[in-house]
Amino acid sequence: MSRRGLTSLPSSGKTPEASAESSSVESPTSGGVLVESLVLVGRVLFSAVFVGSAVGGHFASTKETAQYGEMRGLPNARILVLVSGVWIGAGGVMMALGIYPDLAGLMVAAYCLVAAFWVHHFWTDEGMMQTMEMTNFMKNISLAGAGIALFALFATVGQDLGLQVTGSLFSFDL
């Protein structure tokens, strides 16, 4: 069951209302269980990097991660490491479980953009460090793009994608 009807663009000679009535399409999940399962697997795989980083880097290795942050110029690195660990851990768990997955996409995208420019500023480095930081910068930019795309997807399609605890917090109409 769809929370909003999706319609095709008006065809020639029909009013938008008539076109909408005669050319309604099924919900985006007309693929049923297969589509819902693929989206679930994608959400879980996408979330793994954030939950893993939160647990393994931000919490289990707080001291080392904070030292790295200090080396990269972060003020109050230990506090920022812990706060950002909670932030990305929460975003990752929310995305995996489907608890406001649109908000989760924004959360991880915001973290990735901040980390890319504030920590992985490769243009200030040389040699091997520049290569390593450029790789991390590009990874974070790519993950931010995926988070933004997931935000837009869930805010538009929402609960129609199924296998979610809460559905979306935001709602965009097509």
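The following legends describe close-up views of a predicted model.

Local features are reported at pLDDT of at least 70 and side-chain atom pairs at pLDDT 80 or more, while totals for chains, interfaces and linings use all residues. Residues are numbered from 1 along each chain as its sequence is written, and side-chain values use heavy atoms, with hydrogens and water left out.

**View 1. The buried side of helix α3.** Helix α3 spans residues 62-71; helices are DSSP runs of H or I with at least four residues, numbered from the N terminus. In α3, T62, T65, A66 and G69 are buried, that is, under 20% relative accessible area with a 1.4 Å probe and protein chains only. These residues lie on the same side of α3 because they cover an arc of only 100° around the axis, taken from the directions from the helix axis to the C-beta atoms. An α-helix has 3.6 residues a turn, so residues three or four places apart point the same way. The face turned away from the buried side carries K63 and M71, which are exposed (over 50% relative accessible area). Just after α3, G73 takes a positive phi of about 100°.

**View 2. The packing of α3 against its neighbours.** The buried residues of α3 pack against α2 (33-59) and α4 (77-97), where contact means heavy atoms within 4.5 Å. The axes of α3 and α4 come within 8 Å and cross at roughly 120°. Axes are lines fitted to C-alpha atoms, for helices over the stretch in contact, with angles from 0 to 180 degrees between N-to-C directions. On the α3 side, T62, T65, A66, G69 and E70 meet A77, R78, V81 and L82 of α4. By class, this contact has four nonpolar, three polar and two charged residues. Ala, Val, Leu, Ile, Met, Phe, Trp, Tyr, Cys and Pro count as nonpolar, Asp, Glu, Lys and Arg as charged, and the others, Gly among them, as polar.

View 3. Most residues other than glycine have a negative phi. Y100, in the loop between α4 and α5 (101-118), has a positive phi near 45°. L163 is placed in the segment after α6 (127-157) and has a positive phi near 50°. L163 is partly exposed, with a relative accessible area of 41%.

Key. Helix = DSSP H or I, 4+ residues; strand = E, 2+ residues; numbered from the N terminus.
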